[in-house]
Amino acid sequence: MAAITSPLAGNSVVEGPLIECRGITVRRGGEAVLDNVEIAVLAGEMVSLIGPNGAGKTLLLRVLLGLVKAEQGTVEARAGLRIGYMPQQLVLDATLPLTVRRFLSLGGLVPAGQRREVLEEVGISRLIDRPMQALSGGETQRVLLARALLRNPDLLVMDEPAQGLDIYGQGELMGLIEAARKRRNCGILMVSHDLHVVMAATDRVVCLNHHICCTGHPTEVEADPSYVALFGKRAASHLAAYHHHHDHVHGIAGEVVDAGNHQSGIQ
Amino acid sequence: MDEFLIRALLAAIGVAVVAGPLGSFVVWRRMAYFGDTLSHSALLGVTLGFLLGADPTVGIIAVCTAVALLLALGERQRVLASDTLLGILSHSALSLGLVSLAFLETLRVDLIGYLFGDVLAVTWEDVSVVYIGGAVVLGVLAWLWRPLLAITVHEDLARVEGVPVRRVQIAFMLIIAVTIAIAMKVVGILLITSLLIIPAAAARALSRTPEQMAVLASIAGVLAVFGGLAGSFHWDLPSGPSIVTSAAVLFGLSLVGRRLFSIG
């Protein structure tokens, strides 16, 4: 068995980011949903993209994945980058008979031995002949994770993977994702609207609300005034004390408003 | 057995075999209305074929292809919902087809035959068109199978995994156009969609994989053809509607079977 390399070891190798975007701007109906956004993911690094509903997190992922064209800005991916993508949810038509085995094969042919390893890694070996429609939410997420891992990815891109799971399911899934990263030393870009779900495993948090509010290590971000303004004291005070220095705050639609006129933004 | 009945059986079986896997995709991708729209435009193709002095099959493929591409472009606009767009195109194309046929005064056409099919009147040439066209359709579909299934399950995921989504979708629309052209003689343009979706829907109850459903849909279609042509032969029923009716009976039986054995 190959030694497990730490994410830091991956970072220390001199090479550019796996994927990087700069100056991304996307407008919908005249409003900038993404406004001059930049983000980068290094090899072995786990970056969490957090922000309130409607902040443009999923849109930014779609821009990075090449599913949506930005009006301005550039996306650069390392040559030959293999991306494993885990979409937000999978809604299957009931008329489509599809077993887990067949679903996994749709991503491309994989040697049986490797497939068995991945199935065991995410703990779905016993589900292999079940119809996809018969799976629970947590099982479906694991199957989606398996499909992404079967591509042997350099970068895993996940859109709210723990969505709809209870607290144990969330913990289990995050554990699997973290183990998968350690084993492969792949980069991870994950969208979440809850910092605490991704806190433990994340190297860097990017807080997005149409523009980048703040970025840094989870503990730094949690203490950042713009994070506090966005998510409220209660969410922010889970950890260390914070310093309440607003440079700007957000209105209900996420626009930056004068801090003096703002009614704390906390519900 | 009379030769005309052998020809009819061969043509209808050929169409049913092709319709199975193709119709399964039409069901999975919720494209029943799309199929209707394409087939309704086929009548315009018949007129075009006569005007150009070409075979109606060629005219149908040309017009259906044009409408399919038009719809593919139309999907990108956001002014009209896609069912509205399909509704407009579907009925305009059908009316335009009827009107244009009426203008061709010199032409005596069997309108009912075009609308509901007249499989008992097929020639050996028609049979060969069914098998050549059908082989092309099945060949292309086999080639598209995995990417098309991947798109059907999750379009974005397929795109990220490198499937050329747009090209696969257009190729799929084109083989539907060819299928309509070869199926028209058997069930007529008003009933083609039913031959695509009813056997597939009947097969669903007994299938655990997409491939099973495709094969069972072909078998269900062939059974419907035997039942329908038997009814047509013994009781002088119109052949197209008779085939579709027996397909509907099979679908009903599959529902009962699903209840009894609680499969799938």
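**Sheet**

I looked up the sheet of chain A first: an open sheet of 6 strands in the order 5-6-7-3-8-9, with mixed pairing. Strands here are DSSP runs of E with at least two residues, helices are runs of H or I with at least four, and both are numbered from the N terminus. Two strands pair if DSSP finds at least two bridges between them.

The model is predicted: local features need pLDDT of at least 70, side-chain atom pairs count only at pLDDT 80 or more, and totals for chains, interfaces and linings use all residues. Residues are numbered from 1 along each chain as its sequence is written, while chains are lettered from A and ligands numbered from 1 in the order in which they are written.

Which strands stand at the edges? I found strand 5 and strand 9 (211–216) of chain A there, each with a single partner strand, so one side of each has no neighbour in the sheet.

I then checked one pair. Strand 6 (residues 155–159) and strand 7 (residues 187–192) of chain A run parallel, joined by 5 bridges. M158(A) stands opposite M190(A) of strand 7.

**Helix 2**

I counted burial in helix 2 (residues 57–64) of chain A. Of its 8 residues, 6 are buried, so the rest of the structure largely encloses this helix. Buried means 20 or more other C-beta atoms, placed from the backbone, within 10 Å of the residue's own. Among the buried residues are K57(A), L60(A) and V63(A). G66(A) follows helix 2 of chain A and has a positive phi, near 80°.

Conventions
A residue is buried if 20 or more other C-beta atoms lie within 10 Å of its own, exposed if 12 or fewer, and partly exposed in between; C-beta atoms are placed from the backbone.
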